[in-house]
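Me: I am new to this structure and would like to know the grounds for the terms used about it. Please take them one at a time.

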Amino acid sequence: MNSRKVVTLFTRTLLIGGLAGLITSFFVKTDQYLAYLNPLNLKELVGVLLFSLGLGLVFTVVSQTGFFAYLFIHRFGLGLFRSFWPTVQVLLILFVLFDLVYFPYTASDGDGSLLRYVLVAAGLLIYGVIVSYIKAKETNSSAFIPALFLMVVMTTIEWVPGLRTSGTDYALLMIVPLLVSNTYQLLALHRLIKQEDGRSKKPAVALNNKKQASSKT
């Protein structure tokens, strides 16, 4: 994939993730928006909008960093574990899902409901399975586990700062751009590569046609 495709993927992901963060803020910071709407305080309202958009962009950059790290980890894992790499990824997924329930619950000293943390982990897993199924369907079945690894393990690692904060507002403002950005990058990568392969094959096909036409003459 050439540099133009990389820039295209980066800018589109940045735009989509930033908008996802901004839209999420409408639901998470509803009271703050309403306070500046009635009575109308345009300066403060624009400030909140820009701040929310900026947060979305920052979290999108975190997602992009994690995505390119995932590409390196995947190639490294294939070289190190070879045929055992899918099994290693499954074990890491299960380990991260357990940690996603155990550590936040123990950190809350029993104040929070265990069911809430279980639902968060289950929701992330279900969403990851859906996205991974789409990825495997559009490419091949072997892409399912690596895609699930990205959606569960890498997203959780990227989400750690949000999980460490008190309350759920910051965690929600962070997880939505991360999921949206990782989903877009995962599903857009093979399409960009396919477009690049298709364009690279066209000159060769045209050249073969010319050779066949010249041989006939």
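Reply: What follows is a set of questions and answers about a predicted model.

Me: Why is T13 called buried?

Reply: T13 is found in helix 1. Its relative accessibility is 1%, and buried means under 20%. T13 therefore counts as buried.

Me: Which residues does T13 touch, leaving out those up to four places away in sequence?

Reply: T13 touches T60, Q64, S181, Y184 and Q185.

Me: How do you know whether K29 is buried or exposed?

Reply: The relative accessible area of K29 is 15%. The cut-off for buried is under 20%, so K29 is buried. K29 lies in the loop between helix 1 (3–28) and helix 2 (30–37).

Me: What does K29 touch, not counting residues up to four places away in sequence?

Reply: K29 touches F51, S52 and L173. For S52, which is 23 residues from K29 along the chain, the C-alpha atoms of the pair are separated by 9.4 Å.

Me: Why does V58 count as partly exposed?

Reply: V58 has a relative accessibility of 47%. Buried is under 20%, exposed is over 50%, and partly exposed is in between. With 47%, V58 therefore counts as partly exposed.

Me: Where is V58, and how far in space is it from G21?

Reply: V58 has its place in helix 3 (residues 42–81). From C-alpha to C-alpha, V58 and G21 are 9.5 Å apart in space, and in sequence they are 37 residues apart.

Me: What makes helix 4 and helix 5 roughly antiparallel?

Reply: Helix 4 (residues 85–107) packs against helix 5 (residues 114–138) at an angle of about 155°, and their axes are 9 Å apart. Angles over 145 degrees count as roughly antiparallel. The two helices are therefore roughly antiparallel to each other. Helix 4 passes helix 5 in a right-handed crossing.

Me: Which residues form the contact of helix 5 with helix 6?

Reply: Among them are V120, L124, L125 and K135 of helix 5, and F144, M151 and W159 of helix 6. The residues of this contact divide into 14 nonpolar, four polar and one charged.

Me: What can be said of the chain as a whole: how many residues has it, and what percentage of them count as buried?

Reply: The chain has 217 residues, and 35% of them count as buried. The chain exposes about 13,000 Å², of which carbon and sulfur atoms supply 70%. Among contacts with a separation of 6 or more, 70% are between residues 24 or more positions apart.

Methods:
Residues are numbered from 1 along each chain as its sequence is written. This is a predicted model: local features need pLDDT of at least 70, side-chain atom pairs count only at pLDDT 80 or more; totals for chains, interfaces and linings use all residues. Side-chain values use heavy atoms; hydrogens and water are left out. Axes are lines fitted to C-alpha atoms, for helices over the stretch in contact, and angles run from 0 to 180 degrees between N-to-C directions. Helices (H or I, at least four residues) and strands (E, at least two) are DSSP runs, numbered from the N terminus. Angles under 35 degrees count as roughly parallel, over 145 as roughly antiparallel, 65 to 115 as roughly perpendicular and the rest as oblique. A crossing is left-handed if the near helix is turned anticlockwise from the far one by less than a right angle, and right-handed if clockwise. Buried means under 20% relative accessible area, exposed over 50%, partly exposed in between (1.4 Å probe, protein chains only). Contact means heavy atoms within 4.5 Å. Accessible areas come from the Shrake-Rupley method with a 1.4 Å probe; for residues, only the protein chains shown count as cover. Ala, Val, Leu, Ile, Met, Phe, Trp, Tyr, Cys and Pro count as nonpolar, Asp, Glu, Lys and Arg as charged, and the others, Gly among them, as polar.
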